[in-house]
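Welcome, and thanks for taking a look at this one with us. Please have the model open while you read.

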Amino acid sequence: GKKWTKLTSDAIPKEEFDRKAPQGRPIKRGSVMIYRGRLVVGTGATGLVYTSPFHEKGTFTFAAAKLDLPASATLAVAAVVPDGSSLAVQVRSAKSKDELAKAPWRGPGDKRLVTFAKGDAWLQVRAVMETDKERRRSPIVKSIVVK
């Protein structure tokens, strides 16, 4: 999250800590955790707890990489996409890193096949995710491999 909102001045409420502790999942101050389906950060010194606002849509862009690109490749995507959510993987490629920043994003074709122009040496991949608005269940990307 880029903007964090203070949830409480008392850290995790005692009744919540007591309820989770016997189950082997104690909630600790000074940690990053999932609490009631949201990412929260607990500060160790003051005991304050902050959370990031919930986002229904988002993208994750991987760092640009210089590779020996073939004429075509397959994208192997390992992900969990709950019903009602979506995940689209896109790529862009170019001859130089400067050109890559201006190159258009494109999705893979049939059978996750991606083609590259002759001389392309730079590649970038991004995941475009949309969360199920009703249940707030987000896609989880485990890996994206260019084969």
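Here is a short briefing, from the whole chain down to single residues.

This is a predicted model, in which local features need pLDDT of at least 70 and side-chain atom pairs count only at pLDDT 80 or more, while totals for chains, interfaces and linings use all residues. Residues are numbered from 1 along each chain as its sequence is written, and side-chain values use heavy atoms, with hydrogens and water left out.

**Overall make-up**

- The protein chain contains two helices and eleven strands, taken as DSSP runs numbered from the N terminus (helices: H or I, at least four residues; strands: E, at least two).
- Along the sequence, these elements come in the pattern β-α-β-β-β-β-β-β-β-α-β-β-β.
- Of its 147 residues, 27% count as buried (buried is under 20% relative accessible area, exposed over 50%, partly exposed in between, with a 1.4 Å probe and protein chains only).
- The accessible surface is about 9,800 Å², and carbon and sulfur atoms hold 53% of it (Shrake-Rupley method, 1.4 Å probe).
- Among contacts with a separation of 6 or more, 64% are between residues 24 or more positions apart (contact means heavy atoms within 4.5 Å).

- Strand β7 (residues 72-80) is joined to β11 by six bridges, and Val-80 has Ile-140 as its bridge partner in β11.

**The largest nonpolar core**

- Eleven residues make up this core, including Leu-69, Ala-73, Phe-116 and Ile-144 (a set of buried Ala, Val, Leu, Ile, Met, Phe, Trp, Tyr and Cys residues joined through side-chain atoms within 4.5 Å).
- Two or more residues each come from β7, β8 (86-94) and β10 (122-130), and β10 gives the most, with three.
- Leaving aside neighbours within four places in sequence, Ala-73 is in contact with residues including Arg-112, Val-114 and Lys-147.

**The aromatic pair**

- The structure holds one aromatic pair (ring centres within 6.5 Å, using the six-membered ring for Trp; planes under 30 degrees apart are stacked, over 60 edge-to-face, the rest tilted).
- Phe-60 and Phe-62 form it edge-to-face, at 4.9 Å centre to centre and 85° between the planes.
- Phe-60 is partly exposed at 46% relative accessible area, and Phe-62 is partly exposed at 29%.

Methods
Two strands pair if DSSP finds at least two bridges between them.
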